[in-house]
Amino acid sequence: MKAKVLSAKEAVDLIPDGACIATSGFCTVGVPEEIETMIEKKFLSEGSPKNLTLYHAAGQGTGKEGAVNHFGHEGLIKRVVAGHWNLAPMLQKLAMENKIEAYNFPQGVISHMFRDAGSGKPVTFSRVGLYTFVDPDIEGGKLNSKTQEDLVSKTVLDDQEYLAYKTPKLDFALLRGTYADEAGNVSLEEEGATLEATAIALAAKCNGGKVIVQVKDIVETGTLDPKLVKLAASMVDVVVKTSDVEKYHQQTFGTTFLPWFSGQKRAVLSASEPLPLNNRKIIGRRCALQMKKDQIVNLGIGMPETVAAVLNEEGLGDQMTLTVESGIQGGVPGAGPYFGESFNPEIIIDQDRQFDFYDGGGLDITFLGLAQCDPDGNINVSKFGPRIAGCGGFINISQNTKNVVFCGTFTTGGLKEEIKDGKLVIIQEGRAKKFVKAIEQITFAARYARQTEQNITFVTERCVLILTDEGIMLTEVAPGIDYKKDILEQMEFVPLLSDDLKEMDPRIFKEEKMNMELL
């Protein structure tokens, strides 16, 4: 066997102090949990490895523990370059306390940085991130004062501005597969997403680094389907056969294996219960009215998930193609612990290829969260006081989709509303305004949207606004809402008012189905 078969402890012993590592994973999908657990155990008992540099694209962890949370100890980590931080509170804490160097770059860009590093390219050129907090003219993706080195610069090619992201020089790739054969080839056949395992492996090999892959088991050479092998023996240095599948190698944390995520079988999806008629359903319904038949769609996590629920209730769930950043097209995206996988996917491609599709304009429409919006139409979803959520794939998707819908309640924090007699009634206003004079961080740049002539809509339970060249314009108001008291007085700036200010579709506020049709 070309690759050595080692225990997780023996594999971690190969990692020296100061190494640069990259890990695979998307939330709780594809995480080499035993290897990462062993790094933490060794550091806490021996003080090594220490001062590591960590790269990862998607958020990894449960939001409380697991995955990269194992690295959340002062001294273990020197620097983190990540696409999403919200699932790693222990690393967030180190960043906010200025104890590590911390960067946040778009998830898709990092996946492309891995791929470019694998072919020896020193930088990744992309327009993704222009005019956002990632832009070196603003924050350069730096999250604290300890972070000084510039990892992104700006250049001009053919009269267009681009960002140039320095590609990583990886010493170790920590990956996960399903089976390794005796030659060292690794398949990912029971994973719900293949992510960018191949790209990370090639990035390490190009730099003379080592690739360590955690697998369920080792099988006879020649028994793996070559179409399912994602890591060739020539790319793999060490295979770690997990010591406990139930503990360290679940398909997602809490799920040992469900074949309908990886395509071996198809699940029978029973009709779900309709959503209760509340402000979330109102938002989902109004968003659904933005859609057309046979569109390719991306839904963000949280409020945007209600769009799919509404369409399924209306019997229209099969008239669109849903996609997930992890590399999935078709099927029904999982939520909660299953986020990153889909029930009955039509295709699973590598994450870096999915972002090629996104960046190239492959999406027809996307629905994303609405947290803070300023008078220019800039959006913040990435940083709130002491909490670093991170941008994830938000910047890639919001900059490269023709039709973008930001959706969320109009205010937040204690907001109480009900629907009565076809009208929206505000019982208790939210403590925090979302439409504010200044946002904490620019995750979506309205300037870029205007340049590229995107269609930008803001959907809330009480009104709809659009982005124009002159600013944000109020176009629709919910029945029962006083637009001066319930909208204008709950904003820190005054929007433009449409000459044709309409009432939102009354079907949205009734218990029965809307009887929608996608045209």
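## Contacts, strands and helices in a predicted model

T23 touches E36, L54, Y55, H56, Q60, V68, F71, L174 and I200, where touching means heavy atoms within 4.5 Å and residues up to four places away in sequence are not counted. The structure is a predicted model, in which local features need pLDDT of at least 70 and side-chain atom pairs count only at pLDDT 80 or more, while totals for chains, interfaces and linings use all residues. Residues are numbered from 1 along each chain as its sequence is written, and side-chain values use heavy atoms, with hydrogens and water left out.

T23 lies in strand 2. Helices (H or I, at least four residues) and strands (E, at least two) are DSSP runs, numbered from the N terminus. With a relative accessible area of 1%, T23 is buried; buried means under 20%, exposed over 50% and partly exposed in between, with a 1.4 Å probe and protein chains only. The side chains of T23 and Q60 are joined by a polar contact of 2.9 Å. Such a contact is a pair of N or O atoms within 3.5 Å; within protein, one must be able to donate a hydrogen and the other to accept it, and residues adjacent in sequence count only if both atoms are side-chain atoms.

E191 sits in the loop between strand 11 (186-187) and helix 5 (197-206). E191 counts as buried because its relative accessibility is 5%. Leaving aside residues up to four places away in sequence, E191 touches G30, R176, G177, T178, H249 and S262. The C-alpha atoms of E191 and V81 are separated by 25 Å, and these residues are 110 residues apart along the chain.

An open sheet of 8 strands has the order 1-15-12-9-2-3-4-5, with parallel pairing. Its edge strands, strand 1 (4-6) and strand 5 (101-104), each pair on one side only. From one strand to the next, the twist averages 20°. Helix 2 (residues 33-46) packs on the sheet and touches strand 2 (20-23), strand 3 (52-56), strand 9, strand 12 and strand 15 (238-241), its direction making about 115° with that of strand 12. Helix 4 (residues 107-118) lies across strand 2, strand 3 and strand 4 (77-82), at about 110° to strand 3. Axes are lines fitted to C-alpha atoms, for helices over the stretch in contact, and angles run from 0 to 180 degrees between N-to-C directions.

| Strand pair | Sense | Bridges |
|---|---|---|
| Strand 9 (residues 172-176) and strand 12 (residues 210-215) | parallel | 5 bridges |
| Strand 33 (residues 463-468) and strand 34 | antiparallel | 6 bridges |
| Strand 34 and strand 35 (residues 496-503) | parallel | 4 bridges |

In strand 12, V213 is the bridge partner of L175. Strand 33 and strand 34 form a hairpin with 2 residues between them, and T468 stands opposite G471 in strand 34. M473 has L496 in strand 35 as its bridge partner. In strand 34 (residues 471-477), 6 of the 7 residues are buried.

Helix 8 (residues 279-288) and helix 9 (residues 305-313) pack at about 75°, with axes 8 Å apart. Helix 8 is therefore roughly perpendicular to helix 9; that term covers 65 to 115 degrees, with angles under 35 roughly parallel, over 145 roughly antiparallel and the rest oblique. R280, K281, G284, R285, C287 and A288 in helix 8 meet T306, V307, V310, L311 and E313 in helix 9.

Methods:
Two strands pair if DSSP finds at least two bridges between them.
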